[in-house]
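Open the model in your viewer and keep the selection panel at hand. This tour goes from one metal site to the next.

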Amino acid sequence: MATTKFAIAPMKAAQIPRAGGDFEIVEREIPNPDAGQVRIKVQACGICHSDVLTKEGLWPGIQYPRVPGHEVAGIVDEVGAGVSEWKKGQRVGVGWHGGQDNTCLQCRRGDFRNCRNLKIPGISYDGGYQQFMVVPVEALVVIPESLSDVEAAPLLCAGITTYNALRHSGAMPGDLVAVQGIGGLGHLGIQFAQKFGYKVAAIGRGSENAALAKKLGATVYIESKSTNAAEALQKLGGAQVILATAPSSKAMSELINGLGPNGKLMVIGATFDPIEVTPIQLISGSRTIQGWAAGTPADSEDTLRFAELSGVRPMIETYPLEKAAEAFARMMSGNAQFRVVLTM
Ligand SMILES: [Zn+2]
Ligand SMILES: [Zn+2]
């Protein structure tokens, strides 16, 4: 005689039991959406380097067990009370921006990206390393039909971050833009920069990525292990923007002298180490250093639409949800080509 243990069918989730703990594959009851929320049947979830914040407990206030994941692609599976603008069966995504409070000063200014109480999937609530997740409607992103789930997922953090940082960098078509690092962020940054009409200088360590960087759209490849990359950029006239994607403050510091007049170091590679710069470096040529974090769901939709129009796509390796630990280790190794994506 068949009996069911759960009132509702259980689902699989990959959770972190405590800060610094290992991944556990567990069965949980499928969550139900409250008012103003939807439930998503997750199809794919990218593994982002920032998931280490949840894995190691580096973000204050995380409650455990916690399911990481903020590069989610799926289908609306159930809608909560009062939700009329999203329909069951609709393809949606969720990125780093997992909801805003709508009441803080930044929200009242319309600057939702910098909400003082920003919710982040996988940190503030359970993210996409599971078969079903519940999210507030203001976090939802429409996914265009022509993008597959595994292609769309990494564009919702790595993609939007590079796209949004570049389009707000002040660089104009024809300008020299350098992309430091050819990895999860950098391989997308090179593609977006080339499609925006910049002259793209890709900066990587070693010669092995030279051919790939050119294939992705770089005009020049600068090998930073054996050559002085800042001098190489100055020989090209100086960079209007350097998009710093590799999480190495030392490598970023070494590039500042490669900026041209009014040039900007745009920092998106997250690390806790200090960038070193002298006031003279900034004063001469009126150079600036700026950081950038992801963007709103509307920015994500711009990113996906632009990717659809231009052909920008992430290069991915896929793993089943059950192998979340192995997939996470692959991402952390730095050897993945280039984004790791879990499929459900
Ligand atoms: Zn991310
Ligand atoms: Zn707010």
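A residue counts as buried under 20% relative accessible area, as exposed over 50%, and as partly exposed in between. Keep in mind that this is a predicted model.

**Stop one: ligand 2**

Select the zinc ion (ligand 2) and show its donors. D101 (OD), C104 (SG), C107 (SG) and C115 (SG) coordinate the ion, at 2.0 to 2.3 Å. Now check the angles. The four donor atoms subtend 99 to 118° around this zinc ion, so the arrangement is tetrahedral. Along the chain, the donors are spaced as D-x2-C-x2-C-x7-C.

Next, colour by secondary structure and pick D101 and C115. D101 sits in the loop between β5 (91-94) and α2 (105-108), while C115 sits in the loop between α2 and β6 (132-136). The pair therefore ties together parts 14 residues apart in sequence.

**Stop two: ligand 1**

Move to the zinc ion (ligand 1). Which residues coordinate this ion? Select C48 (SG), H70 (NE2) and C157 (SG), which lie at 2.0 to 2.2 Å. The spacing of these donors along the chain is C-x21-H-x86-C.

Now pick H70 and C157. H70 is in the loop between α1 (52-56) and β4 (72-79), and C157 is in helix α3 (residues 149-167), so this pair links parts 87 residues apart in sequence. With the surface on, look for H70 and C157: both are buried.

Methods
Residues numbered from 1 in each chain as written. Chains lettered and ligands numbered in written order. Predicted model: local features only at pLDDT ≥ 70, side-chain atom pairs only at ≥ 80, totals over all residues. Heavy atoms only, no water. Donors = N, O, S within 2.8 Å, 3.2 Å for Na, K, Ca; no water. Tetrahedral: all angles 85-135°; square planar, octahedral: opposite > 155°, others 65-115°. Helix = DSSP H or I, 4+ residues; strand = E, 2+ residues; numbered from the N terminus. Buried < 20%, exposed > 50% of the residue type's maximum accessible area, 1.4 Å probe, protein only.
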